[in-house]
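Reader: I've got a two-chain model to go through with you. Can we take it as questions and answers?

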Amino acid sequence: MDPVTLAIHATPAFVASAVEFVEATTIVLAVGVTRGWRAPIFGTVAATVTLAIIIATLGVAIVTIVPELLLKGVVGALLLLFGLRWLRKAVLRFAGIVAIHDEELIYLRELAELRAQGLRRKEFDWIGFLVAYKAVLLEGTEVAFIVIAFGAAGGTALTAATVGAIAAGVFVIALGAALRQPLTMVPENWLKFGVGAMLCSFGVFWFAEALGMTWPGDALSIPLIVVTFLAASWLAVRMLRALLPEGAQVEARRV
Amino acid sequence: MFRTIWSTLVGLLIEDGQLAIGALIALAITWAVANAGGGAAHDFVGWMLLAMVLALVLVNLYRAGVTARARVSSARR
């Protein structure tokens, strides 16, 4: 695989998957710190096995059975819809209209909830197991979607996206295991901004390819589309900051 | 898990409904132009979709900003 193909397909998968892995790691850490490590480790392993089964059956079937152009069209449309949602929320966060995603706050809230559940030392901790299982499975499902989406071209693209996601998982889990505290140093809000732009860009790229368009430079146009989305988002942040009164912080979801 | 999938769908179609509907319309227009325009249309449909989506994002966020400003103003009164 040439380095350019690897970079174009593995980098977005790495960044997007890292965001999901950070969120799962926060929950697993909270369970481990409050209730011991045995149950959350079992929960994480069980969720990983479940995910592997889902990807091996559903994911591989989708990529291999569905015709390439139809897959690109459907995945492109879905990527654009989800990417726009991410991007909109990221712009609203940076403009101060929606609260910034705070991993430390989520961690502390999870700690309080888990402590309130109580713990019986002699029995297997099913609550810890289920909380970790659910968190890893949910975030992992999103990682699976990301891999299928960024690897929708099949072949080397799918391999590169898988490599990117696995590298993100290894990196984030190693960091979480070494630090044993929420990964607040990971610039999650910035990453989400970038991921939103990348999801939208791949959405536009795949959908147009599915309709028969040949992009100039093929996959090399993707970075150009990403930059265009980032520039428009930066413009939107500036526009929103100019619109709002000085110092106004609005925490409203339905704006 | 189903609750999260449900909340994502609700978020996509209701919370960000205007954006989702706008994106679907942009995709439909792009598909229609690509099919009606023949080979020549294949050279620019991607750029057309990109332009429509960018305009949609900016308009949607502008409206969100105007709504937020109205809320701040009414809260301060």
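Reader: What share of the contacts in chain A with a separation of 6 or more comes from residues 24 or more positions apart?

Author: Ground rules: this is a predicted model, where local features need pLDDT of at least 70 and side-chain atom pairs count only at pLDDT 80 or more, while totals for chains, interfaces and linings use all residues. Residues are numbered from 1 along each chain as its sequence is written, with chains lettered from A and ligands numbered from 1 in the order written. Two residues are in contact if their C-beta atoms, placed from the backbone, lie within 7 Å. For contacts in chain A with a separation of 6 or more, residues 24 or more positions apart account for 87%.

Reader: What pattern does chain A follow along the sequence?

Author: Helices (H or I, at least four residues) and strands (E, at least two) are DSSP runs, numbered from the N terminus. Chain A comes to 8 helices and 0 strands. Its pattern reads α-α-α-α-α-α-α-α.

Reader: And how much of chain A counts as buried?

Author: A residue is buried if 20 or more other C-beta atoms lie within 10 Å of its own, exposed if 12 or fewer, and partly exposed in between, with C-beta atoms placed from the backbone. Chain B has 77 residues, and 22% of them count as buried. For the 255 residues of chain A, the value is 47%.

Reader: How do α1(A) and α5(A) run relative to each other, roughly parallel or roughly antiparallel?

Author: Axes are lines fitted to C-alpha atoms, for helices over the stretch in contact, and angles run from 0 to 180 degrees between N-to-C directions. Helix α1 (residues 3-35) and helix α5 (residues 126-150) of chain A pack at about 180 degrees, axes 9 Å apart. Angles under 35 degrees count as roughly parallel, over 145 as roughly antiparallel, 65 to 115 as roughly perpendicular and the rest as oblique. That pair is therefore roughly antiparallel.

Reader: How many residues of α3(A) are buried?

Author: Helix α3 (residues 68-94) of chain A reaches 37 Å from first C-alpha to last, close to the 39 Å expected at 1.5 Å a residue (the expected span is 1.5 Å times one less than the number of residues). Just after α3(A), A:G96 has a positive phi of about 90 degrees. The helix is mostly covered, and its buried count, out of 27 residues, is 21.

Reader: Is A:L220 buried or exposed?

Author: A:L220 sits in the loop between α7 (188-210) and α8 (221-243) of chain A. A:I8 is 212 residues away in sequence, yet 7.8 Å away in space, C-alpha to C-alpha. Because A:L220 has 11 C-beta neighbours inside 10 Å, the residue counts as exposed.

Reader: Which element gives the largest share of the side of chain B that touches chain A?

Author: Chain B follows the pattern α-α-α. In the interface, 34 residues of chain B are in contact with 36 residues of chain A. Elements giving two or more residues to chain B's side are α1 (2-15), α2 (17-41) and α3 (45-76) of chain B. The largest share, 19 residues, comes from α3(B).

Reader: Which residues of chain B are in contact with A:F207?

Author: A:F207 is one of the residues, with A:L80, A:A132 and A:V204, that touch the most other members of the largest nonpolar core, which has 92 residues. Such a core is a set of buried Ala, Val, Leu, Ile, Met, Phe, Trp, Tyr and Cys residues joined through C-beta atoms within 7 Å. Leaving aside neighbours within four places in sequence, A:F207 is in contact with A:G73, A:G76, A:A77 and A:L80, and in chain B with B:L27, B:T30 and B:L49.
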